[in-house]
Amino acid sequence: MSFVSARVLITLALIALFPACWALAEPEGFFYKEANLIAGYSSKDRWVDKNGMMNSSVGLEWYRKFSGEYGDFLTADLQVRASYDSKKNSTESWGLEIHNAWLEYKFSQYLKIRGGHFDPSFGLEPVVDTHSTLLQTLAEQDIGFNKDWGAQLRGAFPHFDYEASLQLGSGMSVRRRDDSYLATFRIGTPQGRNWQAGLSLLSGRVLQTEGMRTVPKNHLLSEDTITQERVGLDGQYLFGPALFKGEVAYGRNDSADVLGYLTELDYTVPSIQNLELQLQYKSWISDLSNTSTNDGWLTFGAAYKLSQSTTLRAAFEHDFGMMDKKTEDRFVVQFYFLGA
Amino acid sequence: MRKIPVIALLILGLFAQAAYAAVGCSLTDPDRDVKRIFPASTGYKTTFVTIKEKGGEPLKKEIEEKFQDKFEPVYESVDVPYAFYTVLKGKDAVGYIHGVNQKGKFGGMQLIVAIELSGKIVDFYYQKMSSPEAGRFMDKKFTSQFKGLTLDGLMKGKFSISDPSVKSSEDFRATIRGLKKNLLLIDALLLFKK
């Protein structure tokens with residue numbers, strides 16, 4: 001697909017979808033538009049319009065419950081973004097990112113089956129909404145992506161939740177090479193409590209890719225998969241205005257032992273409750289037998305809610321650059337809108 | 001950078017229309033909560049409703065008059081979609097569950113209320129509680145005291161429930177405010193009571 005046709009198609013599709021929000025905004029669901037503008041400065045890349053894997057974008061979310069006389073039985077969610085990366089050349093700067101794109105059928109509270117594009121069942125990512133946030137979980141370093149295509153079983157028992165996923169191991173784009181797959185399982189305490197914890201397992205042959213595009217496909221770094229095995233623990237604790245988050249993952253990438261962890265403190269300012277301050281430290285060691293493979297990121301963030309639909313965020317990140325011996329400081333601001 | 005204007009145009013188009021907001025407070029796990037509160041239920045139906053859709057500013061003023069308070073402009077605006085759960089036994093409704101966000105002393109709290117068809121509270125709990133004394137508020141000894149209360153009883157102060165906290169009376173008052181708001185919204189947006 002040429003640059004012009006891809007850009008024109010994505011633009012026209014989004015413009016055409018905006019007026020449809022009224023038609024689709026039924027009582028059983030909602031149709032939201034999204035704008036995500038990022039700008040900042042990096043000591044390594046100078047002026048930037050992205051944060052990590054997140055580009056400036058416009059998009060939409062369509063969420064709907066389907067019900068019959070006996071109640072809800074099907075849920076659908078679609079999150080799509082048209083993103084722009086000014087650092088890429090003209091053929092690669094625009095892309096369509098499909099984030100959530102799933103259908104879930106409910107057999108009972110104990111068993112639901114989901115198909116499409118969604119979070120692997122590992123670590124904090126499935127229980128924390130990071131779709132719009134500057135601070136992300138460990139998923140990008142740990143697995144290489146935070147969503148993948150496949151199927152999932154999940155359910156809720158009185159004292160625990162479980163989910164098990166089998167996915168392609170390809171991340172944003174639909175592709176399969178070298179018998180790739182990703183199998184994940186998480187069991188955790190029920191969500192919606194002030195204290196939550198989870199235990200996760202992962203096994204897979206995972207493709208390494210670069211970029212968040214689904215269409216055109218993102219860049220495949222190698223035709224060969226990396227064999228991954230992991231065990232992970234995650235937890236969250238809300239105490240007054242402070243929310244503590246943490247996760248740790250240990251396992252193997254091919255023959256190398258790997259270890260990663262994340263600690264985060266989110267603090268809602270009691271006197272200005274629209275304002276949340278965040279402090280996060282992430283570490284990833286891609287080979288425990290080689291200390292030069294350690295890397296770490298320290299991030300200070302702030303989020304200010306202007307309205308129910310609009311949030312301003314800012315973050316300063318220091319990349320200790322222990323792996324490539326090059327540190328990086330990055331400051332980004334974000335304007336985020338999600339509303340119908 | 002020359003392509004930035006294309007994104008700018010898209011965003012202008014996006015803001016040219018009225019904006020609704022992200023969902024106010026939905027149940028984190030409705031399947032578990034519905035079954036726990038209404039063990040005989042066989043299902044539930046979810047609906048998302050805004051004050052804007054059901055009457056806009058005039059309806060908001062009507063609710064505020066009954067509320068004897070003003071809605072907060074950021075978290076209680078007319079475009080907040082409220083998620084209502086109609087609990088079913090077979091095809092018949094046996095109750096309703098609804099949650100609201102409420103500003104507390106230290107941060108937001110999420111107050112979930114379940115009522116039977118008569119309007120009596122059958123269960124109340126905090127889905128989220130930002131307070132160092134959260135344990136005292138979330139304790140069943142406190143929350144169970146609201147069982148049997150109705151909107152009328154709450155509004156007329158026909159209850160004698162004490163503040164469970166030592167230093168967070170603001171959160172007790174916020175809880176009462178949130179409960180009144182919750183039941184008023186069920187009446188106005190789901191049951192269409194005048």
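I began with helix α2 of chain B: its buried residues pack against β8 (148–156) of chain A, together with β1 (43–49), β2 (82–89) and β3 (92–103) of chain B. The model I am reading is a predicted one. I then looked up which residues of this helix are buried. Helix α2 of chain B covers residues 30–37, and its buried residues are B:P30, B:R32, B:D33, B:V34 and B:K35.

**Chain B as a whole**

I listed the secondary structure of chain B and found eight helices and five strands. Read from the N terminus, the order of elements is α-α-β-α-α-β-β-β-β-α-α-α-α. Chain B has 194 residues, and 46% of them count as buried. Of the contacts with a separation of 6 or more, 66% are between residues 24 or more positions apart.

**Where the chains touch**

How many residues of chain A are in contact with chain B? I noted 43 residues of chain A, which are in contact with 47 residues of chain B. Next I looked up the elements of chain A that give two or more residues to this side. They are α1 (3–17), β1 (29–42), β4 (54–68), β5 (71–84), β14 (226–239) and β20 (328–339). Sorted by class, the side of chain A that touches chain B has 18 nonpolar, 19 polar and six charged residues.

**A:G95**

I went to A:G95 and found its place in strand β6 of chain A, residues 94–108. Is A:G95 buried or exposed? A:G95 counts as buried because it has 26 C-beta neighbours inside 10 Å, and the cut-off for buried is 20 or more. Beyond its neighbours within four places in sequence, A:G95 is in contact with A:S83, A:R213, A:V215 and A:P216. I also checked A:S56, which is 39 residues from A:G95 along the chain; the C-alpha atoms of these two are separated by 11 Å.

**A:G235**

My last entry is A:G235, which is found in strand β14 of chain A. A:G235 counts as partly exposed because it has 16 C-beta neighbours inside 10 Å, and partly exposed lies between the cut-offs of 12 or fewer for exposed and 20 or more for buried. Which residues does A:G235 touch, not counting those up to four places away in sequence? I noted A:Q196, A:A197 and A:G246. A:V127 is 108 residues from A:G235 in sequence, and the two are 9.9 Å apart in space, C-alpha to C-alpha.

Key. Residues are numbered from 1 along each chain as its sequence is written. Chains are lettered from A and ligands numbered from 1 in the order in which they are written. This is a predicted model: local features need pLDDT of at least 70, side-chain atom pairs count only at pLDDT 80 or more; totals for chains, interfaces and linings use all residues. Two residues are in contact if their C-beta atoms, placed from the backbone, lie within 7 Å. Helices (H or I, at least four residues) and strands (E, at least two) are DSSP runs, numbered from the N terminus. Ala, Val, Leu, Ile, Met, Phe, Trp, Tyr, Cys and Pro count as nonpolar, Asp, Glu, Lys and Arg as charged, and the others, Gly among them, as polar.
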